[in-house]
Structures are given as structure tokens and as C-alpha cells.
Amino acid sequence: MKRNTVSHLEHISSFLAMDVFAKAQKLEKAGRDIIHLEFGEPDFPTQFMFSDAGIQAIRESQTRYTHTQGTESFRHAVVDKYLRKFSVKLAPSQILTSCGCSPLIFLAISLLVPPQHEIIITDICYPCYDNLAMLAGANPVRVKICIEDGFQLNINKVKKAITSKTRAVLINSPMNPTGTVMPYNSMKELAALGIPIISDEIYSDLVYEGEAYSMLNFTDNCIVLNGLSKYYAMTGWRLGYMIMNPAWVSVAAKIHQNLMISAAHFVQKAGETAILKGEAECKKMAVEFNKRRKFILNRLKECGLDPGYNPAGAFYVFLKYPDQSKKSLNLSMDILEKTGVAMTPGIDFGPGGEGFIRISYANSLKNIDEAIKRLKKYFS
Ligand SMILES: Cc1ncc(COP(=O)(O)O)c(C=O)c1O
């Protein structure tokens, strides 16, 4: 029987972090001591209080589909959070809950950008922005952000990238892979362009310097994406949400019904507990991340590996490595093999990431310390 070709999807790339992880696992199996700094995943376990709420919900048979936008009570928890944190007043009807933030990136792009139209993303950025835009039939247009600008988005460059086909701009602050936080004025200027903004705010609770803002503080011509994977340490629960202008809700809900039907009911219960009752515990994790951030930045500087910009949020440092003749993928694999430190090659985040490696400091101080010692030896 003739098999269909799947070559139309060949341009969609895999996460190189996964390739590094696969190699790290092989080395671990062979008895090597590996320090994992390649994943953007908190090393803390989910708080028992959140898990217990989920388990209790399972016992109460909250194991069915829910409204496609999520349960009323979960959406009320999100409303409560955005009022508490950003002083933004929302209606539960503006919120759509899903299985993590990831499918919502695709949904938000599909919603705002018709096929053959353009979405402005950054070079560098979270790898799946580019892939999901292409899957949605949109053309991603990359605006370069560079270390010389402190990895901050230059709004003039965004203006220059706008064409008659531009339908949205996708930003992420604090940012993966740099950990940079977009300043108030840039967010304001971006909103003033009048183009719908998709704002990925999944790290917005992990801002260690200055104030955190939501795009909703500047415009309602936006879709905000957020989720419980990072701050609430709930990656495996798969829970995220988007907040949108009421004009887009009915179509978004229709698409989501087709894609997902709904997020799991008991997962939403656990998430609701996390948002409403978990703040104190999650703040402790954020304090610990900040300790690690300061530690790793000091240690890198002591070793002559100053990143040269300010990663003020999330849990990443994007490091320009000394020998720029080396490709970041080869270098990451070589470092892994020789030192046992797993990190993500910068090229994973776009062409502008070549020459860099991403270090995730979602690991213990002890392991970070050991990793830096090994890196120092490798680079000297
Ligand atoms: C910027 C960004 N957005 C979205 C996601 C995906 O989050 P989720 O686990 O909610 O699908 C990640 C995960 O690393 C991320 O870094």
C-alpha cells in the first residue's frame, strides 16, 4: 500500500534540549554523574496541598469533561489572581483553560493570524513559537534581539517589521531563554502600535528585580497566555489558561472544543487551590530561585564567564561562550560528554542564539556550584 509522505512537516524542528537530555540519560545509564541544567522545569515537587486537592477531586469523581473554557471556580481563581497581582479586572468569561500553555500558543496564533499572514516573533525566542506559527499556516517574521541591547526588544525594529500582512506580535516576558524582563515603557510602546499582542506571561511570577506587568495593564487588544507549570511547579499536571478580549471568545471556545474539549476537571481543582491558597509556598520557591540566580551570576563572573546582561526573571541565563568558532549544538554535546553538565544549545532558540548556551538554574545550589566548577575547568 502506498504510504502518504509527511514531508510537508519536515521544517518543524524538535527541541534540542530533548536531544541533550537523551544523550545525558545514556551517559547516566553508563554510570556518569550528570548535572541537568537543560530543562525549563522547576526542580521542586508540586506542593502536597495542591496534589491533595487534585486527589480529593478524583475521589469525588471530578473526572469528566468540563466547560471548554474551564470550570467557573478555576476561572474565578484566575480573575482573583490578575486582580491581586496586576490590578486588572477580568470577567471569568474572558478566560479559557487548557492542558498547559502550549496548546494555547497554537490556539492564540490560529485565532489572530489567518494563513499566509504574518506574526512578529523574536529571534531568539521559545522554540515552539516559530514551529506553531508555521503549523497554523502563518509566516513568522523574526525581529532580532541581541546582547548589545541587553536582550531587550527594540520597538523601532518591530515597527520596521510591520507589513500589511502583520496580524499579531508575540512576546514573552520574563523571557525564555534569556530571563530578561521587558521594561514598562517597551510594553507601553508595543501596545500603542495597535497590533494585537500575544503575551506569554508564564514566568510573570518569577520577576526578581523591579515590578512585573501584564500586557493587560496596557491594552485589551491582546491575548495573555499563562499557566501553572513554572511558578506553581506543576509541569506534569498540564494546566494553562489564556485571557482574551471578549470579541474573540466565542471563536476561541469553538476551536478549543475541537482541539481539547476541556482540561481535566481534577487538575483544574488542584490548580484552583494552588492559585488561591498556594501563594506563600510558591513565593518561597521564587525566593530560592533568586538566591540561585545571584549565586550563578557571581560564580560565572568569578570564572570570567560574565553573561553581560541582566537576567532579572524566570530561571535562565543565556551565556555567550568564549570560543565563538564552535557551534552551540556541538559545544553543548561536547561539554556534556566531557564534564557531565547538560545545557541547551542557543541555536534551539533561533539563528540569533548561535554562540550561546542556555543554563537553567532550576537545580540545587550544590549542583549549580559543581556545574560551574566543571565549566570553569572546561573553558580554561
Ligand atoms: C515561554 C514558555 N511558554 C510556554 C511554555 C509551555 O508551558 P506549559 O507547560 O504550560 O505548556 C514554556 C515551557 O517551557 C515556556 O518556556
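What follows is a working chat about a predicted model of one chain with a ligand.

User: What radius of gyration does the chain have, and what would a compact globule have?
Analyst: The chain has 21 Å, which agrees with the value near 21 Å for a compact globule of 380 residues. Its C-alpha trace spans about 60 × 60 × 50 Å along the principal axes.

User: How many of the residues are buried?
Analyst: Buried residues make up 48% of the 380. As for contacts between residues at least 6 apart in sequence, 75% of them join residues at least 24 apart.

User: Switching to the ligand. Which residues come nearest?
Analyst: Gly-100, Cys-101, Ser-102, Gly-227 and Ser-229 come nearest, out of 13 residues around the ligand.

User: And how does that shell divide into nonpolar, polar and charged?
Analyst: Nine residues of the shell are polar, three are nonpolar and one is charged.

User: Now strand S3. Is it mostly buried or exposed?
Analyst: Mostly buried: S3 covers residues 118-123, and five of its six residues are buried.

User: Which strands does S3 pair with, and in what sense?
Analyst: S3 pairs with S4 (residues 139-144) in the parallel sense, over six bridges. S3 also runs parallel to S5 (residues 166-172), joined by three bridges.

User: Which helix makes a unit with S3 and S4?
Analyst: Helix H5, residues 128-135; together with S3 and S4 it makes a right-handed β-α-β unit.

User: Why list them?
Analyst: Because most peptide bonds are trans, and most residues other than glycine have a negative phi.

User: Which residues other than glycine have a positive phi, then?
Analyst: Among them are Ser-61, with phi near 60 degrees, and Phe-151, with phi about 60 degrees. Ser-61 lies in the loop between H2 and H3; Phe-151 lies in the loop between S4 and H6.

User: Are those two buried or exposed?
Analyst: Ser-61 counts as exposed because it has 9 C-beta neighbours inside 10 Å. Phe-151 is buried, with 23 other C-beta atoms within 10 Å.

Conventions: Residues numbered from 1 in each chain as written. Predicted model: local features only at pLDDT ≥ 70, side-chain atom pairs only at ≥ 80, totals over all residues. Near = placed C-beta within 6 Å. Nonpolar A, V, L, I, M, F, W, Y, C, P; charged D, E, K, R; others polar. Buried ≥ 20, exposed ≤ 12 C-beta atoms within 10 Å, placed from the backbone. Helix = DSSP H or I, 4+ residues; strand = E, 2+ residues; numbered from the N terminus. Pairing = 2+ DSSP bridges. Right-handed = clockwise from strand over helix to strand, strands pointing away. Rg over C-alpha atoms; globule rule 2.2 N^0.38 Å. Contact = placed C-beta atoms within 7 Å.
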